[in-house]
Amino acid sequence: MRWLFLLLLMLNLAYLLYGPARPASEHALEPVPMQQRADIPLLRLLSEGVPSTDGISQAGRAACVSLGPFSTPRAAAPLQALLSGEGLLYRVRPMVESMPLSYWVVLEPTDGRAGAQAAMAMLAARGMNDHFIITDGPHRDGLSLGLFSEHARALRRLEQVRGIGLEPVIETRYRDVTLYWVEVDVSLQMLGALLPGLPEGILLVERTCR
């Protein structure tokens, strides 16, 4: 048994001495380049950067917008010419809208006619005489403190009266007017190209696509 032990020991020593130094086998495996499958998206490292497709997808989206408003169909002619020059189809649609007509400064009624007269006395004491008692309607026995075409002027009057301890309100009066809007369906890319050439003062309102 001793000779068998010595034989195994010599074989182990020989492997330790000569095994690591031997040349590589002729049949050793070589690295194989990875091939990208066509059905799997290419993977990228974050350091390489990821190409964005947002611009492509957004540019192809439809944009349904209304451009205007115009007081008459004739006033929309320059915009129609611009759209026609780009080969775009459009529709001119009339819409009835309520527009502010005037601004009425009113002191709401309190304590009936006696309350109105007391308020008038307070105003007169401060040199404010351009007012009158309302004799009918929902503000009966209140005070009319002025009717203005501009909101800023009505607001100044409001603050003036508040300065003596009264609390008036501004009631906006409206009138119905017909305005004209040009409706067009375009891609977002085309819309971006059109915006710089739009006539001054034109509003762009997004609407539901039909």
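In these views of a predicted model, a residue is called exposed when its relative accessible area is over 50%, and buried when that value is under 20%.

View 1. Across the helix, which spans residues 77-85, the buried ones are Leu79, Gln80 and Leu83. Those three sit on the same side of α3 because they cover an arc of only 100° around the axis.

**View 2. What covers α3, and what follows.** The cover over the buried residues of α3 includes strands β1 (62-70), β2 (90-107) and β5 (169-187), along with helix α6 (188-194). Just after α3 comes Gly87, with a positive phi of about 75°.

**View 3. Arg91 and its two partners.** Arg91 pairs up with Glu183 in a salt bridge, their closest N and O atoms 3.4 Å apart. That link joins strand β2 to strand β5, across 92 residues of chain. Arg91 also has a salt bridge to Asp185, at 4.0 Å between the closest N and O atoms. Glu183 is buried, at 3% relative accessible area, while Asp185 is partly exposed at 37%.

**View 4. Arg157 meets Asp130.** Here the closest N and O atoms of the salt bridge are 2.8 Å apart. Arg157 belongs to helix α5 and Asp130 to the loop between α4 and β3, so the pair ties together parts 27 residues apart in sequence. Arg157 is buried at 6%, but Asp130 is exposed at 51%.

Key: Residues are numbered from 1 along each chain as its sequence is written. This is a predicted model: local features need pLDDT of at least 70, side-chain atom pairs count only at pLDDT 80 or more; totals for chains, interfaces and linings use all residues. Side-chain values use heavy atoms; hydrogens and water are left out. Buried means under 20% relative accessible area, exposed over 50%, partly exposed in between (1.4 Å probe, protein chains only). Helices (H or I, at least four residues) and strands (E, at least two) are DSSP runs, numbered from the N terminus. The arc is that of the directions from the helix axis to the C-beta atoms. Contact means heavy atoms within 4.5 Å. A salt bridge is a side-chain nitrogen of Lys or Arg within 4 Å of a carboxyl oxygen of Asp or Glu.
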